[in-house]
Amino acid sequence: MIKSFEPWLYLAPMLLFILLLVLVPLVTGISYAFYNFDLISGTRDFVGFDQFLRILSEDEIFLTSLVNTLFWTSASLFFQFTLGLALALLLHNGFRGIKFIQPVLFVPWAVPSFLIGLMWVWMFNPVTGPLPYLFEWLGFMDIPENILSDPDHAMWGPITANVWFGIPFFTIMLLAALRSIPKEIFEAASMDGISGLKAFRHITVPLIAPTIIITLMMRAIWIANFAEIIIVMTNGGPANSTQIVATYIYDTAYQKMDFGYASVLSIALLFMLMIYGFTLGHIRRKMKVYI
Amino acid sequence: MKILKYPFIIGFLTFTLFPVFWMFKISITPDRLLYSEGIVAWPSNITWDHYYAVLVEGSFPDYFLNSFIVSITTAALVTIFAVLGGYALSRFHFQGKVTLLIILLLTQMFPIVMVIAPIYNVLTYINLVDSISGLILVYTAFNLPFACFLMQSFYDGTPMELEEAAMIDGCTRLQALEKVTLPLCLPGIGATLGFVFTAAWSELLFALMFISRQSQMTFPAGIMNFVTKFSVDWGQMAAAMILALIPVCLFFAYIQKFIVQGLTAGALKG
Amino acid sequence: MIRAAFSFVIVVLGFVAWQAFFDDKDRDPNNLLIVEVNTSADRTGLLRAQLDRFEADNPGLKVDVISLSWGQAFEKLSMMVAGGQIPDVIEMPDFWLARYVSAGQIADMSDFVANTGFDDDIEPDTFKYGSIGDKIYTIPYGYYLRALLYNKKLFARAGIEKPPLTMDELYQTAAKISELPGVSGYCHHGGRGGAVFYYWIMTTMNGSNAFFDAEGNSTFYNQGAIDGLTLIRDIYKNGYAPQDSLNWGFNETVSGFYSETCAMLHQTPDALNGLRQRMDEGDIASIPMPLGPSGKSFPHLGYIGWSVFEQSPKKEAAFKLVEHLLKRENHQEWATRAGLVPIYSELASEIFDQGEIGAGWLQSTQDDRWDYMINPNHLSDIAEFDSIQVVQSGQAMMLGEKTPEETAKMWADFLTASQKRWLNNHD
């Protein structure tokens with residue numbers, strides 16, 4: 001009997017916080033979906049599932065934003081992860097001057113997201129930033145222009161900013177995971193003739209796999225919900241080409257003051273992320289690793 | 001492979017630092033030249049006025065102090081609770097565990113925009129809206145799930161046998177955790193601290209919505225003051241941003257040693 | 001370690017409890033609370049000075065200020081109100097009014113206005129602008145009038161002798177300036193906040209500043225409106241506005257102007273503060289907005305006013321405060337600083353720059369060819385229409401995804417539906 005509530009003791013402080021400050025507001029937020037909710041007057045009319053039907057039948061912007069969200073999330077995630085992993089491996093390997101360079105590489109993660117947006121807006125603007133000239137030199141453009149006004153390519157602006165921002169996250173997490181692998185394992189393996197790339201594939205990757213899964217899962221979920229950079233850089237434009245579900249929710253909630261519908265959109269997003277999360281969680285459970 | 005190492009490092013450094021350099025350049029460019037010399041590498045005329053304005057004329061030192069207090073407190077609180085919570089998730093199988101994990105995951109998937117109003121009401125109820133305490137509580141709550149998962153991963157990568165050995169030797173579980181397991185998980189603790197500190201340091205939306213008083217304002221919300229209806233004071237904004245990077249870099253430099261420290265040899269043999 | 005952690009947590013909880021129980025938020029609930037939303041550092045100082053004078057004149061009354069920064073003011077204020085923190089006096093932009101009034105949050109000031117004396121030269125429509133239906137809900141503290149700023153230096157360089165008076169001249173001037181390398185003719189406001197330009201060009205080409213006919217049909221169905229959209233679409237399409245301006249918000253248009261990326265700017269006088277700091281004053285001049293085919297033009301007139309919250313327990317004192325802020329001396333100080341068209345018409349010439357910089361606005365207030373155009377602020381969904389739909393569909397039109405005709409019709413459909421709903425509810 002004692003054993004079965006021991007874990008809850010450890011979890012208690014944490015759960016208290018989360019219950020009061022996250023779960024209760026979350027349930028409240030979700031409940032908005034069933035109401036026609038006017039924040040300013042505080043009135044709400046129960047409308048049941050009407051608003052859910054709206055999403056499916058009338059909302060073109062929602063579909064566009066869905067597609068954009070997929071593109072935004074996968075592109076950002078791919079580049080952040082691969083570059084972050086590469087950097088973590090480089091740091092793990094060590095090199096001269098690493099002590100000074102390492103903190104510097106984590107700087108992007110420390111910049112508030114809207115400042116990142118503003119910063120990169122400057123960089124992409126031909127009047128104030130060097131990037132359009134770089135693109136011209138590389139042959140991507142005929143004349144230096146701002147890709148943020150080009151509906152076909154605007155999304156790459158926020159993606160670049162997001163990648164710049166997110167690499168340190170993967171770097172730190174993966175580096176810590178790499179550092180936690182006991183050196184003895186590699187020594188033992190090399191005595192058996194396994195080293196280099198083989199060791200990486202068969203020893204390193206499985207051992208840091210739990211961290212990889214967790215970081216991929218969380219970061220993807222955060223990116224999908226990450227509206228700030230896009231709002232600051234393009235505000236969903238031009239013509240909804242960079243509108244993702246999260247920015248659409250922001251507009252619906254704060255520009256239209258339609259919290260009810262915004263909640264419905266949030267639930268839709270939640271649903272999709274849940275599927276993603278469960279898939280990854282399933283994979284992770286199959287990989288529980290003991291030494 | 002080794003030959004590529006240094007070009008890669010330099011490439012990363014350039015990519016990471018170039019935008020920061022650009023911001024620094026903006027922060028020392030006089031207003032008049034901001035656009036006319038937009039794309040030069042270095043302005044023809046340098047000014048430190050923006051930094052002066054931010055540090056002396058504005059309330060930025062107060063904002064920084066508030067941000068620092070909030071960030072450090074949140075980081076410490078979250079780490080403490082996550083060390084405990086993550087341990088439970090890693091070492092125990094118990095009824096309701098899966099449900100708990102699902103709920104924790106769920107908390108990350110909802111856009112913050114939707115919960116701001118309900119949380120505002122909760123905080124108003126306990127008179128903590130417009131206070132840094134309110135921010136601390138909220139930031140702690142929102143960072144806990146991830147920190148917990150993180151610590152859980154690190155615990156999962158640390159063998160249970162060590163604690164069990166210690167407990168056989170007469171330690172309580174808590175003592176075993178403290179004396180045996182945690183030292184091995186220092187990289188994880190360091191990562192958690194660093195991560196939560198930065199998340200709290202750069203958080204904007206809650207700070208903006210909950211805080212109105214200058215005395216409680218954190219620096220991201222303070223920076224938004226530079227954006228009025230009429231103009232964006234780019235020079236000062238850039239200066240504030242550069243200044244804000246310094247504490248974070250220092251913090252990271254400090255906890256670097258935790259992250260770098262690996263498992264000590266002999267643990268398995270002991 | 002465990003002990004240290006435990007003590008730390010206790011200390012933090014102690015601090016939190018202290019703030020929860022003892023922190024009075026630097027505010028005395030007995031004081032009046034005024035919320036400003038169009039905040040800028042020096043204006044807050046001016047407001048505080050005027051409030052101090054009020055406190056001196058009215059012993060026993062004290063006023064606290066909350067300054068919200070403009071970008072999030074709407075959201076923050078709604079949350080404050082929803083959370084039960086009701087201000088007494090609020091700075092109310094024209095396009096917010098309908099939302100708050102339809103939610104029953106704003107006090108009816110009609111009686112207060114009837115019992116208070118305002119100077120004789122108060123602009124006659126002042127109270128009408130601040131009314132919805134027959135009730136007065138806000139009193140404007142000044143008007144934001146649009147005129148066309150232009151860069152004299154660039155005009156000279158392009159060989160343009162006089163600034164454009166008509167729409168055709170606007171188009172040709174923009175074209176000519178765009179021949180200069182690296183410069184475009186017109187600073188287009190394609191992002192949020194740019195709707196008023198479209199409204200201006202559509203109503204002016206229509207020859208009337210009315211948004212609706214008597215039945216509630218939008219005037220944007222008319223050919224004039226379509227022609228107006230076609231004109232600006234062509235300006236953008238032919239490269240006479242910077243390609244980037246598709247996304248430009250207020251700040252970008254202003255910075256586009258002072259960085260000499262574009263030469264003409266549709267703006268209110270408050271932009272001058274920022275411009276003067278960053279440009280040579282000698283290069284700046286203004287003219288009224290160009291005339292349409294009917295020989296008239298309808299520059300947009302916006303306003304921000306002072307309102308009192310319905311739930312305020314201190315309405316009498318709040319009305320007094322509003323009256324104080326609108327008293328002639330205070331008003332003049334306020335309007336001068338912000339470059340607003342004053343509500344007392346005799347002050348206009350004192351406030352606007354003599355000389356070329358202020359000429360555009362001054363002439364617009366005095367010359368009969370220019371009549372004001374006011375947004376249909378009584379429609380509660382106008383704010384959302386302005387900031388989302390017009391922006392997005394405007395951009396789609398600029399990019400060629402939709403024709404001006406389709407765009408005008410889309411807007412007309414929305415506005416007509418909204419207006420008819422309003423007429424239904426108010427007859």
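With 105° about the S-S bond, the link between C187(C) and C262(C) is right-handed, a disulfide being a pair of cysteine sulfur atoms within 2.5 Å. The structure is a predicted model, in which local features need pLDDT of at least 70 and side-chain atom pairs count only at pLDDT 80 or more, while totals for chains, interfaces and linings use all residues. Residues are numbered from 1 along each chain as its sequence is written, chains are lettered from A and ligands numbered from 1 in the order in which they are written, and side-chain values use heavy atoms, with hydrogens and water left out.

The sulfur atoms of C187(C) and C262(C) lie 1.9 Å from each other, and the rule finds one disulfide over all chains. The bond links distant parts of the chain, 75 residues apart, since C187(C) sits in the loop between β8 (184–186) and α9 (195–206) of chain C, and C262(C) belongs to strand β9 (residues 262–267) of chain C; helices (H or I, at least four residues) and strands (E, at least two) are DSSP runs, numbered from the N terminus. Both C187(C) and C262(C) are buried, that is, under 20% relative accessible area, with exposed meaning over 50% and partly exposed in between (1.4 Å probe, protein chains only).

In chain B, C148(B) is in no disulfide. The sulfur of C185(B) has its closest cysteine sulfur in C148(B), 13 Å away, which is too far for a bond. C148(B) counts as buried because its relative accessibility is 0%, and C185(B), with a relative accessible area of 1%, is buried as well.

Chain B also meets chain A: 96 residues of chain B are in contact with 93 residues of chain A, contact meaning heavy atoms within 4.5 Å. The two chains bury about 9,000 Å² between them, 80% of it on carbon and sulfur atoms, where buried area is the accessible area (1.4 Å probe) that two parts lose on being put together, summed over both. In chain B, the residues that lose the most area to chain A are F12(B), M109(B) and M114(B), together 8% of what that side buries.

Across this interface of chain B and chain A there are zero salt bridges, defined as a side-chain nitrogen of Lys or Arg within 4 Å of a carboxyl oxygen of Asp or Glu. Helix α1 (residues 2–27) of chain B supplies 15 residues, the largest share of the side of chain B that touches chain A.
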